[in-house]
Amino acid sequence: MNDSELVEETIVFVKETLRGAEGGHDWFHIQRVFNNTLLLAKDENVSILVVSLSALLHDIADPKFHNGDESVGPRLAKEFLESLNVADKVVKHVIDIIKNMSFKNSLDKNRKPFNTKELQVVQDADRLDAIGAIGIARAFNYGGFKNRELYNPTIAPNLKMTKEEYKKSVAPTINHFYEKLLLLKDKMNTKTGKKIAEERHQFMLAYLKQFYEEWNGQL
Ligand code: ADP
Ligand code: NI
């Protein structure tokens, strides 16, 4: 199989695997991350095959929906790529990216850092989909899925969470802005990613301002 056939096969597999997924982590999330990845990759010297496969496979079994088990996604991705006879080196790189790109893993102080240009591109592409208008929609969709409060002025955001606390948190969705979404713009790796993130960040700030005004009956 040539590279574009591998990517096509992977798209079919991911669409099938994510059927019925929560709205913020469904095939359309993957499609947006894949498109962002190709956009960011234009300005970076990276393997298009590695970033494409990583973007497509990065959320096939999110631990949030598998009782916190972080090994399911990488295992499924590895089995799938091996079934297509993808070169070992490519499989290893893709799996290392999937295991290491998530925000919660960056909260784990004991983790040995893994970092390549390819990881940086896919991580930025995923982060862009967590902020801005889409990011807001995804956060509230996830909060609804988990039956969280929209906002509760008596529950303050926790900015010092460990990875385990972050995974267990049941805080209102507005807190997630302070605990993750507003932190992402300063964590971007690529130049293009930083620029897009800055605009989306400003949009979230404007959104929050209006949210509190409406909450307080000021409009
Ligand atoms: P990662 O998979 O990069 O570690 P998360 O699992 O924290 O990131 O979140 C992925 C997306 O899921 C977030 O960008 C957000 O849209 C949604 N999400 C996760 N946790 C929450 C939460 N506590 N409240 C609202 N949305 C959340
Ligand atoms: Ni994702």
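User: What is the space taken by ligand 1 called, and how is that judged?

Analyst: In this predicted model, the space taken by ligand 1 is the largest pocket. A pocket is an open set of grid points, whereas in a cavity the 1.4 Å probe cannot get out. The word "pocket" therefore describes an open space.

User: Which elements give two or more residues to the shell around ligand 1?

Analyst: These are α6, covering 103–106, and α8, covering 132–145. The most comes from α8, with 3 residues.

User: How many residues surround ligand 1, and what makes a residue count as near?

Analyst: A residue counts if one of its heavy atoms lies within 4 Å of the molecule. There are 13 residues around ligand 1. The closest are Lys64, Phe103, Tyr142, Tyr166 and Lys180. By class, the shell holds 5 nonpolar, 3 polar and 5 charged residues. Tyr is placed among the nonpolar residues in this scheme, and Lys among the charged ones.

User: Why is the approach of tyrosine 166 to ligand 1 called a polar contact?

Analyst: The cut-off for a pair of N or O atoms is 3.5 Å. A polar side-chain atom of tyrosine 166 lies 2.3 Å from an oxygen atom of ligand 1, and this pair therefore meets the cut-off. Histidine 25 also places a polar side-chain atom 3.4 Å from an oxygen atom of ligand 1. For alanine 139, a backbone N or O atom lies 3.5 Å from a nitrogen atom of the ligand.

User: How much of ligand 1 does the protein bury?

Analyst: Taken alone, ligand 1 exposes 550 Å², and the protein buries 92% of that area.

User: What makes up the fold of the protein chain?

Analyst: The chain has 11 helices and 0 strands. Read along the sequence, the pattern is α-α-α-α-α-α-α-α-α-α-α.

User: How does the radius of gyration of the protein chain compare with that of a compact globule?

Analyst: For 219 residues, the rule gives a radius near 17 Å, and the chain has 18 Å, which agrees with a compact globule. Along its principal axes, the C-alpha trace spans about 60 × 35 × 35 Å.

Definitions and conventions. Residues are numbered from 1 along each chain as its sequence is written. Chains are lettered from A and ligands numbered from 1 in the order in which they are written. This is a predicted model: local features need pLDDT of at least 70, side-chain atom pairs count only at pLDDT 80 or more; totals for chains, interfaces and linings use all residues. Side-chain values use heavy atoms; hydrogens and water are left out. A polar contact is a pair of N or O atoms within 3.5 Å; within protein, one must be able to donate a hydrogen and the other to accept it, and residues adjacent in sequence count only if both atoms are side-chain atoms. Accessible areas come from the Shrake-Rupley method with a 1.4 Å probe; for residues, only the protein chains shown count as cover. On a 1 Å grid over the protein atoms alone, a cavity is a set of points where a 1.4 Å probe fits but cannot get out, and a pocket is an open set with protein on both sides within 12 Å along at least five of seven lines; lining residues have an atom within 4 Å of a point. A molecule sits in a cavity or pocket if more than half of its atoms lie within 2 Å of its grid points. Helices (H or I, at least four residues) and strands (E, at least two) are DSSP runs, numbered from the N terminus. The radius of gyration is taken over C-alpha atoms; the globule rule is 2.2 Å times the number of residues to the power 0.38.
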